[in-house]
Amino acid sequence: MSPTGTRSSEVTAPAYPMARECPFRMPDGYDRLRTDGPLSRVTLYDGREVWLASGSAEGRALLLDARLSVDVRHPAFPALTPQFAEQSAGGFTPPLSGVDDPEHALQRRPVIPAFGIRRIAALRPEIERTAEALVDAMLARGDRADLVPAYSLPLACAANLALLGVSEEDGHYIGTRSRRLLSPAAGDEEGAAQRILDEILDRLRAVVARKEQHPGTGLIDELIAGPAAEGGMDRDQLVALCMVLMASGDDSTSSTVAASVFALLAHPEQLERLRGEPESIPGAVDELTRLTSVIDVLPRVATADIEIAGHTIEAGEGVLISLMLMNRDPGAWDDPDALDVGRRAGRHVAFGYGVHQCVGQNLARAVTETALSVLLRRVPTLRLAVPVEQVKANPPYVLQGGMSELPVAW
Amino acid sequence: MDVDGSIEIDADRCIGSATCTRLAPDVFTQDDDGVVELLPGGAAQADGSLVREAALGCPVQAITVRVG
């Protein structure tokens, strides 16, 4: 340690992000953040200190506050990892998630109908057929499987592609690349992110061009016939929007399904309760989504001074809002770290809060509910194939609670 | 703006999260465009605690519940 270093600062502002070991437990270090108060300071990989909001009320207030920006081009925007900083420096601004109102509202409005509850309800039979077919294939192959590649990921991808109106082949090409962008390999050479991004955008341009000639039924077709045809969205904006819609629903939903199944298998009494009352699955999915909070942290940058909880967040400071900590605030939830499938958990913030709240959440819920109900019904003897401690969350990147494997047997 | 007794919704703010339709399905629904609508007569027989929870849970605070 440097004799003239910033020791006191290191003591007060712990390094962040903190790796989550168990997908349904808080990382080591979160207990301290939670007891330190609703707002505390953490240190990013580049040594910069930023605010971290852990309180439920404070996090909601901040996520509703227009003085916090999602614009990654802002020079003070907090990057959680060097890879994220490199992607932002490349100049690509993701539509929806990386754009502030009022521009964001204009992008979001034409996307909302496809994710409305009526349209999602109409998609449920197809999601259920896909889930049944994946279970058929899994059971036919033997008495064990890795649930992520065999079930949760293909199901989440298929549902997303059906909604967007994209073929399986295009979906596979784009999905493998976008997942790599969201969780880049440590050894990726410099410039890899830009190359992968270009490949995705090229392929989506081809998808859009084909659909212009041969319209289909899906959200992308609606965007082509609606805002794009009416001049409200040019080709580049349309393609970038498609990329965000393609990339946002696969890993996040797959990981929520996998983490939910894992949490249930690790809490047999809760699992039994759910098996006895399958009508409780939607409520249980709220609770499992709350507990696992797969997308934990929302980064923002302050564009003006904000007074909150006795602190001043100054203009130009970074703010991280931890959805997992908000979802485990003892002031908002009784016994917050416990899994209770009977809990009324519908007001959780695992999908975010404010105008940027996940646009695909109704689809994500439909997939997670269907995934659980089909799996529990079809594989009644499902169990973990390894000890609970061996099941790990991915290293933190965008999806702090991401899961890429879940070994199960039956 | 849609008003039913003590409940007021601002459909222009609605982002279609369906938080309200799931918490209080007798009071709130969505139209074909995924935007919130009040169900006729729903507010009269609603469980007040569920409506308040829906108002609290609404991610854009598009629901106002007037007391008294």
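## Helices α6 and α7 of chain A

In this predicted model, α6(A) and α7(A) meet through residues of both helices. On the α6(A) side, the contact is made by Leu123(A), Glu126(A), Ile127(A), Thr130(A), Ala131(A), Leu134(A) and Met138(A). On the α7(A) side, these residues meet Ala150(A), Tyr151(A), Pro154(A), Leu155(A), Ala158(A), Ala159(A), Ala162(A) and Leu163(A). By class, the residues of this contact comprise 13 nonpolar, one polar and one charged.

How are the two helices oriented? The axes of α6(A) and α7(A), the latter spanning residues 147–164, lie 10 Å apart and form an angle of about 150°. Angles over 145 degrees count as roughly antiparallel, and α6(A) and α7(A) are therefore roughly antiparallel to each other. The crossing of α6(A) past α7(A) is right-handed.

An α-helix has 3.6 residues a turn, so residues three or four places apart point the same way.

## Helices α7 and α16 of chain A

Helix α7(A) also packs with α16(A), at an angle of about 140° and with the axes 10 Å apart. The two helices are therefore oblique to each other. Their crossing is right-handed.

Which residues make this contact? From α7(A) come Ser152(A), Leu155(A), Ala156(A), Ala159(A) and Leu163(A), while α16(A) contributes Leu363(A), Val367(A) and Ala371(A). Seven of the residues in this contact are nonpolar and one is polar, with no charged residues.

## The contact between chains A and B

Where chains A and B touch, 16 residues of chain A are in contact with 19 residues of chain B. Two helices of chain A, α6 (117–141) and α16 (361–378), each supply at least two residues of the side that touches chain B. On that side of chain A, seven residues are nonpolar, six are polar and three are charged.

## A helix of chain B

Helix α2 of chain B covers residues 48–57, and its buried residues include Val51(B), Ala54(B), Ala55(B) and Gly57(B). Against which elements do the buried residues of α2(B) pack? Their partners in chain B are the strands β2 (7–9), β3 (28–30) and β5 (63–65), together with helix α1 (19–23).

## Confidence in chain A

The mean pLDDT of chain A is 92, and 95% of its residues reach 70 or more. Residues 1–10 of chain A, however, have a pLDDT below 50, and this stretch has one contact in the model beyond near neighbours in sequence. Where pLDDT is low, the predicted coordinates should not be read in detail.

How values were computed. Residues numbered from 1 in each chain as written. Chains lettered and ligands numbered in written order. Predicted model: local features only at pLDDT ≥ 70, side-chain atom pairs only at ≥ 80, totals over all residues. pLDDT = per-residue confidence, 0-100. Contact = placed C-beta atoms within 7 Å. Helix = DSSP H or I, 4+ residues; strand = E, 2+ residues; numbered from the N terminus. Nonpolar A, V, L, I, M, F, W, Y, C, P; charged D, E, K, R; others polar. Axes fitted to C-alpha atoms, helices over the stretch in contact; angles between N-to-C directions. Parallel < 35°, antiparallel > 145°, perpendicular 65-115°, else oblique. Left-handed = near helix turned anticlockwise from the far one by under 90°. Buried ≥ 20, exposed ≤ 12 C-beta atoms within 10 Å, placed from the backbone.
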